[in-house]
Amino acid sequence: MELAYTRKPTIRLIATDDAPADKVAQIGYGIEEEGIPFSLVSPDEVSDPVSLAHVAATQSQLLVGIACDGRDAVLHYRNLPLEKFIYRIKDYSAIPDHVLRLFGSNAARLVKGVPFKKSDLLEASF
């Protein structure tokens, strides 16, 4: 019998070099709290966070991607048009950690198909 290695499906989280690692970690904690795995990677090329989040979603087997640059964090879904992200947090380095965990939790909830948690600090595109 021959065994084949397959990668575990994950939410793809792309973080640029200037993204605050402690804040990106809080987003990851929110994803993990919902029991969904994620993979943290650096971008192949630097772009705006909406575009990077869409790229992350297209690379994810779970169809969900997040991008964090030095200023914004964006949650995207593969089947949405590029400009129609799910949520964005502007200047997330100033946002409380519990809101960033909620943002990550909502990414996992998108995968699970359960209702999002609400926050006035999350900007939706539609």
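Reader: Where is Ile31 placed?
Author: Ile31 sits in helix α1, residues 21-33. Helices here are DSSP runs of H or I with at least four residues, strands are E runs of at least two, and both are numbered from the N terminus. This is a predicted model: local features need pLDDT of at least 70, side-chain atom pairs count only at pLDDT 80 or more, and totals for chains, interfaces and linings use all residues. Residues are numbered from 1 along each chain as its sequence is written, and side-chain values use heavy atoms, with hydrogens and water left out.

Reader: Ile31, buried or exposed?
Author: Buried, with a relative accessible area of 0%. Buried means under 20%, exposed over 50%, partly exposed in between (1.4 Å probe, protein chains only).

Reader: What is Ile31 in contact with, leaving aside neighbours within four places?
Author: Its partners include Ile11, Leu13, Phe38, Ile66 and Ala108. Contact means heavy atoms within 4.5 Å.

Reader: What do the buried residues of α1 pack against?
Author: Strands β1 (11-15), β2, β3 (64-68) and β4 (73-77), plus helix α3 (97-112).

Reader: Switching to Ser39. Which strand?
Author: Ser39 lies in β2, residues 38-41. Ser39 counts as buried, at 18% relative accessibility.

Reader: What does its side chain make a polar contact with?
Author: The side chain of Thr10, at 3.1 Å. A polar contact is a pair of N or O atoms within 3.5 Å; within protein, one must be able to donate a hydrogen and the other to accept it, and residues adjacent in sequence count only if both atoms are side-chain atoms.

Reader: And what comes just after α1?
Author: Gly35, with a positive phi of about 80 degrees.
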